[in-house]
Amino acid sequence: MNIVVFIKQVPDTNDVKWTPNNNIDRTKTDSIINPVDKEALEAALRLKETYNANITAITMGPSKAVEVLQEAIAMGCDNAALLCDSKFAGSDTLATSKVLAASIKEKFPDTDLIITGQSAIDGETAQTGLAVAVRLNIPFVAHVNEVIEINTNKIIVNAETETYKTVYELNMPALICINNYVFKPRLPRIDGYMKAQKYNYPAYNLYELNLGECETGIKGSPTYVSKVYRTDEKRECKFIEDLNKLARIIKEN
Amino acid sequence: MEPNGILIYGELNEEQEIKTVVYELLTKARELKEKIWNQAIRVCIIGPRINYEEIINKLGSYGADDVIIVSDNRLKEYNHNYHPEIFTQIAQKFPPRMILIGATLQGKEIASYTAVKLETGLTADCTDLDIGENNLLLSTRPTFGGQLTADILCSTFPQMATIQENIFKAHSIENHSVNAIYNWIDIDKIDKRINIIKSIKKIINKHDIQNSKILVSGGAGACQNNGFALIYQLAQKLKAQVCGSREAREKGFITKAQQVGQTGKIVSPDIYIAIGISGANQHLTGIKNSGKIIAVNKDKNAPIFNYSDIGIVGDLFEILPELIRSLDNIEEENDQ
């Protein structure tokens, strides 16, 4: 069985450095693997053991994004691929999903299962995974907590949302988005690091993915940012020490 | 056909009533409609065969010009195969300029599906909507973990946005006429590739944090040394609900349903008491509609104080027990 995991390199939003003009200082802000994507890798690696699966990690990004692929190989993935082209830069969800779907169609057509994380910490749109499935015309389910069973035709998963626990059966090939905080990612082993160092990371550009110049990046993205500003909802804070006073304020409300 | 109108997804709850977010979106759509010329507001309902008259009239009283209904008894519950495809087909039959959908679980799924099928842009989890340059929909959303706010435009039609529940206030209007349009879609032609084997409804706390007057909320600071036990005590004293930050959720002190913030819930209590919460922007996004914000934090430079009305600097393990005692004293005084 062939499993593809889509992962993303994101800026560490918990530790953002700012320029004096209130812009994000990208040179000083660290890049990390999107945390739930690491859990997606873990979910795939657990299937590797049970189903003798071949796991490929794929990311779209600049050449620096190879770092997250190194991490994936070190964790135990069999293969990795970088989707890299200056014409991919500035892609929104719609354009990104086009590139990711093209990588499956053109380079990994015999994929049985695609796993993604539920959302990325930088954009948090939670759309890209589903959009890839719609483009590939395959069934998908989000919020997956557990893969119960896979056979050549079907996959059975347990999904959990705020209100429901649901067992789904999907025709294969399929795409699943997994929930955060469920699949605790394993730590890479020494031999994993060694493999990650030696591994020759293939990179595919626009032409190799059979995409047109207007389909990706800024040109292929209908949404665009007209303005970005540092979030500010400041209030006038009155500091008090007397807790009896605080108790009265709360009670009077 | 020239795209016209604002199409809203009329999500039904399990009792087959329209969800509140739909009325919130209708209220906002009326405001948008005033700024762009000659646009109809349409609501699309996908549900079972029931009498929709009352629903249609109520949607009308919130400003819907047309209510498009696709009904079939196979649509009694949300169906992953049918609902997204049916909504897409409606958006093709009545090409709108804009599509607004509540950012609920099913709303998000329908929005993603429709956007790809129609090859158009979608802005998710918006916190405000307006009309921008060239009469385009201007969607505002927090990004970068909430540290930045972005105004986003879309160059293709329809322009799509999903909006969190409880962001806009719903107001009805008087004397607004509404048309019902019953539409038939061949459901048998839709591929059925996703089956539900079984589904269990979780027992949910009926005191939803979004309907709570007072919220006591814990962050990273309360995750140590059983701080949440004090938070629960204080909440009980105030007949309040407990909620928390993303860190509290990550550490397992609260459930997803109790998480406040851009990726959790947007709350609007009269009083929000933030305990041991430093004030990451993604959390602040969720609380900015609160009446009074009270923050307890031992770091006087914590960003939360910039966004609070009342600040108490100190150790929550000293402050909360004393506050609970003070509340007890007030109760005793009132009893006498």
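The model is predicted.

Between the two chains, the contact involves 60 residues of chain A and 70 residues of chain B. On the side of chain A that touches chain B, two or more residues each come from α3 (93-107), α4 (128-136), β9 (164-171), β12 (223-230), β13 and α6 (243-252) of chain A. By class, the residues on this side of chain A comprise 29 nonpolar, 16 polar and 15 charged.

Six strands form an open, parallel sheet in the order β13(A)-β16(B)-β15(B)-β14(B)-β12(B)-β13(B). The edge positions are held by β13 (238-239) of chain A and β13 (241-244) of chain B; each has a single partner strand, so one side of each is left without a neighbour in the sheet. Strand β13(A) runs parallel to β16 (residues 310-313) of chain B and is joined to it by 2 bridges. Within this pairing, A:F239 has B:G311 in β16(B) as its bridge partner. Helix α5 (residues 227-237) of chain B lies across β12 (214-218), β13 and β14 (271-275) of chain B, and runs at about 175° to β12(B).

Apart from neighbours within four places in sequence, the contacts of B:C243 are B:I209, B:L215, B:S217, B:I254, B:Q258, B:V260 and B:V267. Between the C-alpha atoms of B:C243 and B:G286 the separation is 11 Å, with the two residues 43 residues apart along the chain.

Chain B is assigned two domains, domain 1 (6-189) and domain 2 (209-335). A distance of 34 Å separates the C-alpha centres of domain 1 of chain B and domain 2 of chain B. Their contact draws on 10 residues of domain 1 of chain B and 9 residues of domain 2 of chain B. On the side of domain 1 of chain B that touches domain 2 of chain B, 2 residues are nonpolar, 6 polar and 2 charged.

Strand β4 (residues 98-102) of chain B has 5 of its 5 residues buried, so the strand is largely enclosed by the rest of the structure. In a regular strand, side chains alternate between the two faces of the sheet. Both faces of β4(B) are covered, with B:M98, B:L100 and B:G102 buried on one side and B:I99 and B:I101 buried on the other. Strand β1 (residues 6-9) of chain B is parallel to β4(B) and joined to it by 3 bridges; here B:I6 has B:M98 as its bridge partner. The pairing of β4(B) with β9 (residues 159-163) of chain B is also parallel and extends over 5 bridges, with B:Q159 in β9(B) as the bridge partner of B:M98.

Helix α2 (residues 53-61) of chain B has buried residues B:I55, B:I56, B:L59 and B:G60. Viewed down the axis of α2(B), these buried residues fall within an arc of 140° and so line one face of the helix. On the other side of α2(B), B:E53 and B:E54 are exposed. The cover over the buried residues of α2(B) includes α1 (20-35), β2 (41-47), β3 (66-71) and β10 (179-182) of chain B. Just after α2(B), B:G63 adopts a positive phi of about 110°.

The peptide bond between A:M172 and A:P173 is cis, with omega about -5°, and A:P173 is placed in the loop between β9 and β10 (174-178) of chain A. A cis peptide bond also runs from B:F157 to B:P158, where omega is near -10°; B:P158 belongs to the loop between β8 (148-154) and β9 of chain B. A:Y181, a residue other than glycine, has a positive phi near 60°. The loop between β10 and α5 (190-198) of chain A holds A:Y181, which counts as partly exposed because it has 14 C-beta neighbours inside 10 Å. B:D125, likewise a residue other than glycine, has a positive phi near 55°. It lies in strand β5 (residues 122-126) of chain B, and its 25 C-beta neighbours inside 10 Å mean that B:D125 counts as buried.

Conventions
Residues are numbered from 1 along each chain as its sequence is written. Chains are lettered from A and ligands numbered from 1 in the order in which they are written. This is a predicted model: local features need pLDDT of at least 70, side-chain atom pairs count only at pLDDT 80 or more; totals for chains, interfaces and linings use all residues. A residue is buried if 20 or more other C-beta atoms lie within 10 Å of its own, exposed if 12 or fewer, and partly exposed in between; C-beta atoms are placed from the backbone. Helices (H or I, at least four residues) and strands (E, at least two) are DSSP runs, numbered from the N terminus. The arc is that of the directions from the helix axis to the C-beta atoms. Two residues are in contact if their C-beta atoms, placed from the backbone, lie within 7 Å. Two strands pair if DSSP finds at least two bridges between them. Axes are lines fitted to C-alpha atoms, for helices over the stretch in contact, and angles run from 0 to 180 degrees between N-to-C directions. Ala, Val, Leu, Ile, Met, Phe, Trp, Tyr, Cys and Pro count as nonpolar, Asp, Glu, Lys and Arg as charged, and the others, Gly among them, as polar. Domain bounds come from an automatic or database domain assignment.
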